[in-house]
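Subject: Handover of a structure, with notes

Dear colleague,

I am passing this structure on to you, and my notes on it follow below. Please read them with the coordinates open beside you.

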Amino acid sequence: MSDSETIAAGYAFTGPALDLGALLWDGACLPDAQIRIPLPMLNRHGLVAGATGTGKTKTLQLIAEQLSAQGVPVFLADVKGDVSGISAPGVTNDKVAGRAAEVKQQWTATGFPAEFYALGGIGHGIPVRATITGFGPVLLSKVLQLNQTQEQSLGLIFHYADTKGLELIDLKDLRAVVTFLTSDEGKPELKNIGGLSTATAGVILRSLTAFEAQGMADFFGEPDFDTSELLRTAPDGRGTVSVLELPAVQDRPQLFSTFLMWMLADLFHDLPEVGDAEKPKLVFFFDEAHLLFNDASKAFLDSITQTVRLIRSKGVGVFFVTQTPKDVPGDVLAQLGNRVQHALRAFTPDDQKALKATVKTFPNSSYDLEEILTGLGTGEAVVTVLSENGAPTPVAVTRLRAPESLMGPIDAATLDAAVKSSLLYGRYAQAVDRESAYEKLTTAERQPAPETPKAAKQSPKSAKEDESMVQQVVGSGMFKSLARSVGTQIGREITRSLFGTARRKR
């Protein structure tokens, strides 16, 4: 058996699979040697990498289409604004027809069921918001660019708000709690938390104020987006493709990358264990993945690694999309069983170093991968996936199929019409600002402190020492109205996950 036949045999799966394209060998395309990914292995995660302009977005589109056709919901982050075309049939031309003939593809123009979302409603899409409580201190620290000490201190502030029933819905709620803790009346409470200095709380407060001044307030609030919406299928049984439109927030990369991690973390602690299923419940494409890992704390990276490792058993596959494998930490990269590597450039010493590092991440092969990876054309990639028994397949240089949906964005009017006709639009379009920590603290601040009986004034110091922290808080003027509105929430701490995100009952 020749080398090319050995490679082709490694992709001859018997069960359902996604078709990526045809094998390239010695410069020739072999249409009968189809390169595929077994459908059950899509929850073993993956990496789509390559230099700008090499075809990564079209690869995402190709995989997303076939997943949808197999009844698997898909989430796509559309950073550049050119994935919305997945909802419309593609347009044939000589280039598309030629590619289809080369790889033995029966190309049919097809649109796929899609929902369009936008962070905070900025841009075209159904607004996606998260409450500050739901987002949690770890992810928020990443967005605020806090150091490790400040991150831990923010966690203590969340702990304080949770136990006192101070709902943190939006940024002004968190700012109100931190402002109270740094005020003369709140400083005694700061001491009771332990490990949180006035100076650190002040740094956090300034970071929040600057963050809000940059127009970030729209992303936090209610209605809180329910990530189970991403698991829906269309009436015809195809999986819904959820497209998060991000062009309007391209200048806030750390924010949107962290929001994507929040979505994944929320899914992680809400979904039940399913083990190895016949097909994934959802495949989540994490574009511009390097932004998530830049300047991340060790605790944050550990949480990502654990989430990626464990979410597989809940039926969710995660594909990281970036330029080179070195953009992804080794512990995370080790979890990614499916690889589609587009061309890399080697113009500088750093590029050459990245190229050598990329080659080392692939299994041994008959190809000279250093030469291959710098010579691949647009729409060609080096592929290795997990076979049906979980073993890596042989490395295969592949000419990829053409997507059957529109390879480009749909026009703005069509996109707006699709958004407003969605059943989810009425559920999430209008922001809600209910009573929460800000209103409670502001109302309590305006109320006069209750008069203390003369008998109690005789030894205020000893009386104060005897009171517990909760008694002090409830008895203060600041919190008198809080006792009426919070009720049973006082003293009930919110259960939090790996990322400090709040667990919700659905």
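The protein averages a pLDDT of 86, with 88% of the residues scoring at least 70; pLDDT is the predictor's confidence in each residue, from 0 to 100. This is a predicted model, in which local features need pLDDT of at least 70 and side-chain atom pairs count only at pLDDT 80 or more, while totals for chains, interfaces and linings use all residues. Residues are numbered from 1 along each chain as its sequence is written, and side-chain values use heavy atoms, with hydrogens and water left out.

The largest nonpolar core has 140 residues, of which Leu-67, Leu-174 and Phe-320 touch the most other members. Such a core is a set of buried Ala, Val, Leu, Ile, Met, Phe, Trp, Tyr and Cys residues joined through side-chain atoms within 4.5 Å, where buried means under 20% relative accessible area, exposed over 50% and partly exposed in between (1.4 Å probe, protein chains only). Helix 10 (residues 253-270) gives the largest share of this core, 11 residues. Leaving aside neighbours within four places in sequence, Leu-67 is in contact with residues including Leu-18, Val-74 and Phe-285.

His-45 sits in the loop between strand 2 (28-38) and strand 3 (46-49), and counts as buried because its relative accessibility is 2%. A polar atom of the His-45 side chain lies 3.0 Å from the backbone nitrogen of Val-318, and, beyond four places in sequence, the contacts of His-45 include Val-308, Arg-312 and Asn-338.

Some backbone details also deserve a look. Most residues other than glycine have a negative phi, and most peptide bonds are trans. Lys-104, in the loop between helix 3 (94-102) and strand 5 (114-119), has a positive phi of about 60 degrees although it is not a glycine, and it is exposed at 52% relative accessibility. Glu-288 also has a positive phi, near 50 degrees, and is partly exposed at 24%. The peptide bond from Glu-222 to Pro-223 is cis, with omega near 0 degrees.

With best wishes

Methods. Helices (H or I, at least four residues) and strands (E, at least two) are DSSP runs, numbered from the N terminus. A polar contact is a pair of N or O atoms within 3.5 Å; within protein, one must be able to donate a hydrogen and the other to accept it, and residues adjacent in sequence count only if both atoms are side-chain atoms. Contact means heavy atoms within 4.5 Å.
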